[in-house]
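User: I would like to go through this structure in a few questions. Please give the cut-offs as you go.

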Amino acid sequence: MTPVISASRLTKRYGKDTFALREASFTVESGRIVGLIGPNGAGKTTALKAILGLLPVEGELRVLGMDPAAERERLMEQVSFIADVAVLPRWIRVSEAIDYVEGVHPRFSRAKCQAFLARTEIKPIRRVRELSKGMVAQLHLALVMAIDARLLVLDEPTLGLDILYRKQFYESLLGDYFDADKTILVTTHQVEEIEHILSDVLFIRDGRIVLDATMDAIGERFVEVMVGREQREAAIALGPVNERTAFGKHVFLFDAADPSRLAGLGEQRRPGLADIFVATMSRPAAPAGASA
Amino acid sequence: MSSSWNDHTPIYIQLRQRVVAMILDQSLQHGDALPSVRQVSAEFQLNPITVSKAYQQLADEGIVEKRRGMGMYVLDGARQTLLARERQRFLTEEWPALTRRLALLGFDLAELIARTTKPEESA
């Protein structure tokens, strides 16, 4: 089966030596929920724009077998996108928004959309400007989930929402939308919030993909060990990817270390994605030789 | 914001343990359906693959069975199977640890038993 997205050496350069993407290569398979995670300015939005055909980039890019820049219109029949929650026009009524999407999108189901909305407080007669930020997000999600698209792209979908709406957002996505024939690509800063939802993770830094793994592989690769002072040198000798201190102990993060050698060092735990993210992003950057 | 998972064990194993606990305390009985993968995935905000893995493990252990197109059901004798296994685990793992702890604290086993209310009294 062909992947939903295959990107090879994507590069986007502004001016002479400012890179938004630098030879970024990755593949997204069908039926996966993939998190694209990176600090501000790492290239997340540039990558998404390229995937949606909104921005020409260098390199090879195929989305559902199509070239997004050249075949954008055909591609958009199969791809949905939620950027910021506030892009619906403020004057539009809920019912008009439904009419509009039905008019422009061949794969939109009015019945599905209305069924989603029936479970919220949102009335069809309301205008977008009368809705709370959380309700606008619900409306947006209802419109998008009613589109039978193969790829859903979410760019910071829960930004600025309170915890109840955030939880509801992902609950709807998993309970009413996602299935093995659909694929979701999501970027967010709320790593803790989505880490258990993801099947795969891509870390992006300075336009480069610095980690590309399934969540299963992450669980097997990374181990955190609490080490006492007297064992610190022994731990460093095993090549940890990060060290921090907590309660007077040294906490080392190991990537693909030999479990038998870690066994005697101290108490172990499975680090969260946020721990791995911080460790990956705080490592010294790759040598700048490529651009110097 | 999701359920409290510990960071020592993979989540699918913790999910399996929750189902096992529900069968042991009989809130899930033989013939009962497990909630669908989709339902659990949405409720606990987990990837469906994680939920499927937990269910698959229970199926491999002979605790639940998959009925085509209907989902997972608790098998007859599931509780007995689990009880036997849990009893064995108690004897080999928990009891030795507990006796060591009792000895450490200087308790006399007979004395403790005498202090314990007999279960018949509350029945």
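User: What share of the 123 residues in chain B is buried?

Analyst: This is a predicted model, in which local features need pLDDT of at least 70, side-chain atom pairs count only at pLDDT 80 or more, and totals for chains, interfaces and linings use all residues. Residues are numbered from 1 along each chain as its sequence is written, and chains are lettered from A and ligands numbered from 1 in the order in which they are written. A residue is buried if 20 or more other C-beta atoms, placed from the backbone, lie within 10 Å of its own, exposed if 12 or fewer, and partly exposed in between. For chain B, the buried share is 21%.

User: Which pattern does chain B follow along the sequence?

Analyst: Helices (H or I, at least four residues) and strands (E, at least two) are DSSP runs, numbered from the N terminus. Chain B has 6 helices and 2 strands. Their order along the sequence is α-α-α-β-β-α-α-α.

User: Is chain B a compact globule or more spread out, and what is its radius of gyration?

Analyst: The globule rule is 2.2 Å times the number of residues to the power 0.38, and the radius is taken over C-alpha atoms. For 123 residues the rule gives 14 Å, and chain B is well over that, so it is more spread out than a compact globule, with a radius of gyration of 18 Å.

User: Which residues of helix H3 (residues 94-104) of chain A are buried?

Analyst: The face of H3(A) turned away from the buried side carries the exposed Gly103(A) and Val104(A). The buried residues are Val94(A), Ala97(A) and Ile98(A).
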